[in-house]
Structure formats: structure tokens, C-alpha cells
Amino acid sequence: MTAPAVLNPRSQRKPKGEGHARRAEILAAAERIFVEHGYEGATIRKIADEVGLSSTALYMHFAEKGEILHEICRQAFAALLELNLAVVAEPGGPEQRLRRMMRAYIDFGFDNPNAYRLVYMTRPVELQHGAMSAAQELGGALYRSFEQVVEDAETDGLLRGDARTTAQALWAGCHGVVSLMITKPYFDWADRETLVATLLDGLFAGLMKP
């Protein structure tokens, strides 16, 4: 008797499901494929196969892959902006709010490494394929919500330098630890929590007045 063929679960076509759930599956699969293959190497067929859909069925949710990349970036920026606004609404002075914002940003990057790479580590030429508007609009609003708190700290006389430079230095520090740790997992990193706390303490000691 011949044994039944084992089917690849990724190649099996899935039954029609709820639109939001299916879109979420597509976006999660696309994140992985964009990171693994790059924008040019990612195709609608690859994304559809990963989800278990036909290319035709995927087109019912997204017109082309640039639209998928745009939605990934939009959702990431929206989530971070929501986190920032929640921090601003919490009690505490500018320094406390800045620390909470920076921790939320770092935690988001570690919790969503593929989305983080696409949003903050994608080549400009690839951003032109649908994600540039999200980067300029929501990304700008996100950064502005952070910069505003740095300006509040400047108003309170807490900064050693100007708000514009300080905001960029703080962001660069956060981005550095996230980008390095998610792209160089093989490095002998110190305990992540200890490293992040040490980085933030160093940034605040150097950029904020005692």
C-alpha cells in the first residue's frame, strides 16, 4: 500500500476567513519575507504561499506588494505613536516621560524585530515602493511627539545642550542598541535588560543636567 503524500501546510489553500484576521496573517508573513529576501526579492506569490493563499486571493486584500509594505510601516508607526501619547498622558516630569518613551521604543523594537527592520532599516529606494508616505506622515508625527517632550525638558532647564540635538542623540542611542542586537544575535551581548538600563543611564547622565 502506498503511503499518502504529506502535504506542505504552506502550500495548502486555506478556506476563506475573516478579512481582518487574514490581512494580519498576510502582513506577518510579508514582514518575514521582506526581511529575508529584501523588497525586490519578495513576490506576491511567495507571500501568498507563506499564508496558504492563491495569488488571486491575496490580491483581494492588497493590490500590490508596495501596499503591503506601506501597511506594515503604517501599523508600526501608529502603534509607537499610541505608546508615546499614552506616556505623555501619564504623570511625571519631562525626564520621567522621556525615559518611559525610550523604553517603550526599545521594547517595541525587540518585540517586533521584523517590523522594526522594515520601518527603520529599509533602504530609501525600497521605501519609495509604498512606505515613504507612512514614514513621512506617521513617522514625523511620532518623532514630533518625542521631540516635544525633549523641548519641555529644555524649557525646564534640564538639558545640557539644545533640544533638537539632544532629541536626535537620544533617538540614535535607542536605535543603536535595538538595531545591533536584532541584526547581530550571535554577538556575546551582556544581559539585555542590564545593557539597556546602562545605555539609558549613560545618555541621561551625559545629556541632562544633574
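Figure 1. Of the 210 residues of the chain, 37% count as buried, buried meaning under 20% relative accessible area, exposed over 50% and partly exposed in between (1.4 Å probe, protein chains only). The model is predicted: local features need pLDDT of at least 70, side-chain atom pairs count only at pLDDT 80 or more, and totals for chains, interfaces and linings use all residues. Residues are numbered from 1 along each chain as its sequence is written, and side-chain values use heavy atoms, with hydrogens and water left out. The chain has ten helices and zero strands; both are DSSP runs numbered from the N terminus (helices H or I, at least four residues; strands E, at least two). Among contacts with a separation of 6 or more, 72% join residues 24 or more positions apart, where contact means heavy atoms within 4.5 Å.

**Figure 2. Packing of helix α4 on helix α5.** The axes of α4 and α5 come within 9 Å and cross at roughly 155°. Axes are lines fitted to C-alpha atoms, for helices over the stretch in contact, and angles run from 0 to 180 degrees between N-to-C directions. The angle makes α4 roughly antiparallel to α5; angles under 35 degrees count as roughly parallel, over 145 as roughly antiparallel, 65 to 115 as roughly perpendicular and the rest as oblique. Ala76, Ala79, Leu80, Leu83, Asn84, Val87 and Val88 of α4 make the contact with Arg97, Arg100, Met101, Ala104, Tyr105 and Phe108 of α5. By class, this contact has ten nonpolar, one polar and two charged residues (Ala, Val, Leu, Ile, Met, Phe, Trp, Tyr, Cys and Pro count as nonpolar, Asp, Glu, Lys and Arg as charged, and the others, Gly among them, as polar).

Figure 3. Helix α5 covers residues 94-111, and its 18 residues should span 26 Å at 1.5 Å a residue, the expected span being 1.5 Å times one less than the number of residues. The end C-alpha atoms of α5 are 25 Å apart, which agrees. Buried residues of α5 include Arg97, Met101, Ala104, Tyr105 and Phe108.

**Figure 4. Helix α4 against helix α6.** Helix α4 (residues 65-89) and helix α6 (residues 113-120) pack at an angle of about 105°, with axes 9 Å apart. The two helices are therefore roughly perpendicular to each other. From α4, Leu69, Ile72, Cys73, Ala76, Phe77 and Leu80 meet Leu118, Val119 and Tyr120 of α6. The residues of this contact divide into nine nonpolar, no polar and no charged.

**Figure 5. Helix α9 against helix α10.** An angle of about 165° and an axis distance of 11 Å describe the packing of α9 (residues 163-183) and α10 (residues 192-207). That makes α9 roughly antiparallel to α10. Thr166, Ala169, Leu170, Gly173, Cys174, Val177 and Met181 in α9 meet Arg192, Leu195, Leu199, Leu200, Leu203 and Leu207 in α10. Ten nonpolar, two polar and one charged residue make up the contact of α9 with α10.

**Figure 6. Surroundings of Thr166 and Gly161.** Thr166, in helix α9, is buried, with a relative accessible area of 3%. Not counting residues up to four places away in sequence, Thr166 touches Val150, Leu159, Gly161 and Leu207. Gly161 lies in the loop between α8 (132-155) and α9, and at 37% relative accessibility Gly161 counts as partly exposed. Leaving aside neighbours within four places in sequence, Gly161 is in contact with Glu154 and Thr166. Gly161 and Met208 are 47 residues apart in sequence and 8.2 Å apart in space, C-alpha to C-alpha.
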